[in-house]
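Please take a look at the structure below, and let us walk through a few of its features together.

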Amino acid sequence: MNLTLYSITAFIILDTDGNRVLSKYYRQENNPSATKGLANPKEQRAFEKGLWQKTKKSGGDIILYDGRLAVYKHSLDLIFHLIANQDENELMISTALSAFSDAIHMLLRNQVEKRAVLENLDLVLLCLDETIDEGIIVETDPTTIASRVSRPRADTSEIVINEQTILSAYQTVKEKMTQRIAAGF
Amino acid sequence: MAFASKKDDEGLSAYYNNKTTVIQEARVFNDSPISPRKCRALLTRIVHLLYVGESFSAQEATTLFFGTTKLFQHKDSALRQMVYLTIKELAGTAEDVIMVTSSIMKDMQPNSEVIYRPNSIRALCRIIDPSMAQGFERFFKAAIVDKTPSISSAALVSSYHLFPNAKDVVKRWANEAQEAVNSKSSTSLFGSSASGGYLTAWGGSAGQQTSGYQAVPSTSYITQYHALGLLYLIRQQDRMAITKMIQQLGGGKTGAGTTLKNPMALCMLIRYAAKVLEEDPNVQKQMLDLLDGWLKHKSDMVNLEAARVICEIKNVPTFQLMRAIGVLQLFLSSPKATLRFAATRILAALAVTHPSNVASVNVDLENLIGDANRSVATYAITTLLKTGNEASVDRLMKQISGFMSDISDEFKVIVVDAIRSLCLKFPDKHAAMLSFLSGVLRDEGGYDFKRAVVEAIFEMVKFISACKEQALSHLCEFIEDCEFTKLSVRILHLLGIEGPKAPQPTKYIRFIYNRVVLENATVRAAAVGSLAKFGLNSNDSGLKKSINTLLNRCLDDVDDEVRDRAAMYLRMFKECLLADAYVKEESVFSLDVLESKLVSYVNDPSASATPFDASSIPKISRAQAAADSARPSSLETVGFPSKKEVTPTPQLSAVETQSAFIQQLKEVPELATYGEVLGSSKPAQLTESETEYQVTCVKHIFAEHVVFQFNVSNTIPDTVLEQVAVVMQLSAETSLTEDFIIPLPSLSAATSPGIVYVSFTRDSPEEYASGSFQCVLKFVSKEVDPSTGEPEEDGYEDEYQLEEVELGAGDYIIPTYVTFSSEWDRLRGGASATETFSLSAMESLKAACDSIIEILNMQALGGTEDPASTTVHTLQLAGMVVGAGGSGKALVRCRMTHSKTQGVTLELSVRAEKEGACGLIVSAIGG
């Protein structure tokens, strides 16, 4: 029985071909047996390959793989997994995954696919950090998670658009056009 | 590179995944002015690199880490949040991370109402040295009770990570954690009762916000989960405190009064309750009531946790178990796969111990056989197989056959194991099951799966004689086309043993000889051995002749092992004596004894002058050997992982401990003339475990002597004990005469434990002498001079009173394993005795069983040591009674009844191969 708050062993996103999009294995120093067999990238890769074989078909939601509990969710061309110890409460893990997944849907405006994830990696990584901290579930309310993820803002040195700048732009366009028309004839 | 996609986004991944580029581009951290957008993008790439399996060297990580810290100059909150994630990820590999503490501290201050304040708190625990925790105490205490859940949670999680290294400091935060458990901050944000003061604070802080960050209040109350986790961590050594905490937070009998709103926090509380319940039987009733209340909680997660815990409690009252099963039954029809999975998993594990109770949900389970989630279907099937009755077996088998092809090998193994136990439960149904097994044997599958099937068939051959012939022919067919050498060899071996006993042995020979023609060398060798057994065990001279011809052909084999075997067996055909010794022999060496003797032979250089003497090694029958090596079927442990890990206690079998003692005793010249040790007891403690001198006693029974072996430990480092002896005083007249004491010349802490032997002669070896001895440890104590390490000249004599040593019936008995019913019948004509006792002092049948087993030192058979009923029980025991004229089996049947007023009434029946044994056993219980 797990009496600690460390409940998540790993978070893994695979694409539908079994390639790793990103995965985070939590160390769990006080419980080394939890990460046994997942210690180095090679073992992790093998684990993911095997896992993908079992989870590539959608509709299962949950499976016991390699002595670990894996809760997963398909989203277009991606599969999100949360890995936990096999004696963990299934609903607890599933709640955490749903929270993450719902928050990601909010952040990516429901376009949760591989390209969108890679283009908005900063949001995805922060979202994960707000959901799970080193194996501890930090938050399960998707709205809260999404609200805690900051979006990059334009650099302050960027162009300021106001009446004046629009006017000058118009002037430039006008000049260029006149030149072109003149040259054309 | 670990991450490589061949699809259109290859360019994108490559861009994100080049470590060298990223390190080079880290220059942007030094740009002035800093571009938050660019920097955040680069930080993202650093973290992503780590998340796809790349790793940085300490040097690289340190460079990146300190580059990152430059970004603290910029106030952009989107950038800062990413900085904190990067710091967390790099802190493990980078060096001198402690340097950024002050920068982080600034962001943690309560006056900074920024989005990244929780991030800074969570990053802090990664970079500080545990010894610094003290300095943050005031800050953490304030943050834990902060009104904003995300800050409070962050502080709690951070403390949780710190705890293992800074226990003493974090322990002082218990009051704050307690406050956080009870806090209602989440409600106050929504509730109409929100305090004015808080609203002002909220408005005020909003005004200060520079980043425009608006905290969205959490509805999850998850802070309670973190606070409860930390509280438990702080108090876990103190069971009273934990019990009190559970009572306070449990919210009374209905569970309605609890302040805990977060379901995950309640799940943790349930686990703590289960732990307390397991350790302290006094609170069992109270905890069970609480658990029962949680079964009715509105959250599925809490119901599930409570049900799981109840199902795992040993000896849980049936009505409570049934209520838990009722909750799980509702989950079985849930649309959520996760819930169905969880429920079936618990039920499948429970079916091992309580099949009849689980049977009540069989109807619901049958609906799940076709479940889309294959794991759910498999758990349902295996549970049904365990709980089903004989009538439903055929139907189930049909359903399984349809479903075997589309489940994974792991699950196939689980199903096959379930069927294997079913075969033994309903032997009448063997035909259906055998045809099922032979069917799946033909399916595609890996080694583990095929092995499971083959082992299941082996077991049927062994236990269900009616299906033996059928099963063997299925196996013959299987080896015709078997890709696994190991399995072929095992099957050929089995054919060699079972085949010759079959009515028509000749029909197997074709299959076996085919192997000789078609297979690899290992299988050919096994086939030769198998063939020879047919010839040697048969009385049919025609058959012998044909086998001879076949073996002669094998003499031309290309492999030397095959040729050698063929030659050896051909020789045996000519010399019957050889055949008797090597093929028909029904006994085998006791392997543990053989091993220990061989090891001592190899270690002793002088022994190699003479050949190894195998005749001194006791032999046991094949059946006995099989029983010794029998391990609990994998079925109970495989496939039901929700069951707690059963760590097999390394219980040495009687034979193994015996062989260890034989080794020790052989080294004592004075005891060499006593002959073989007939039996040795388990070590008994004669002192408290914390005393200065620790003594355990082992009793060895010889044909005409009893030797007491005292293992003495001296735990005082600066003294040496000399002339250590144990003086034994018989408390009553028995037929034992003391021979001699072999004292220890000297014993220090380093040489402990040492052994003192005391030998007695059994005046009349046919009697089983018993009695108790008062023991005193006598020695001369000398101080050790610390400068020289030598003991000083003068010492003083001292005595040390030990507990009494009992010599009783159990010392003459060695537990042994037999099949009770057949052995009981066999001994019908032998010596027997029956007596009735009234054990009024016994509180329960379990207590009676335990003490009978302890007194008699016999093996309980068939799980009868755990009474299923509280009123009537039959305990079956077997043992070997050792004596001068060889040892003999003794079986005991204890029929017991229990009532509150009279205690336990016991009818003891003994059947034994020797007359004296009955008397010994009856008097042991009577006395």
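A:Val173, A:Met177 and A:Ile181 make a nonpolar surface patch of about 290 Å². Patches join nonpolar side chains within 5 Å, from residues with over 30% relative accessible area and no salt bridge, the areas coming from the Shrake-Rupley method with a 1.4 Å probe. A:Met177 sits in helix H6 (residues 163-184) of chain A; helices are DSSP runs of at least four residues, strands of at least two.

This is a predicted model, where local features need pLDDT of at least 70 and side-chain atom pairs pLDDT 80 or more. Residues are numbered from 1 along each chain, chains are lettered from A, and side-chain values use heavy atoms.

Next, find helix H2 (residues 90-107) and helix H4 (residues 121-131) of chain A, whose axes, fitted to C-alpha atoms, come within 10 Å and cross at roughly 150°.

Finally, A:Glu88 forms a salt bridge (Lys or Arg nitrogen within 4 Å of an Asp or Glu carboxyl oxygen) with B:Arg271, their closest N and O atoms 2.6 Å apart. The pair crosses between chains, with B:Arg271 in helix H16 (residues 263-279) of chain B.

Key: Axes are lines fitted to C-alpha atoms, for helices over the stretch in contact, and angles run from 0 to 180 degrees between N-to-C directions. Patches are made of residues with over 30% relative accessible area and no salt bridge: like charges are joined within 9 Å, nonpolar side chains (Val, Leu, Ile, Met, Phe, Trp, Tyr) within 5 Å. A salt bridge is a side-chain nitrogen of Lys or Arg within 4 Å of a carboxyl oxygen of Asp or Glu.
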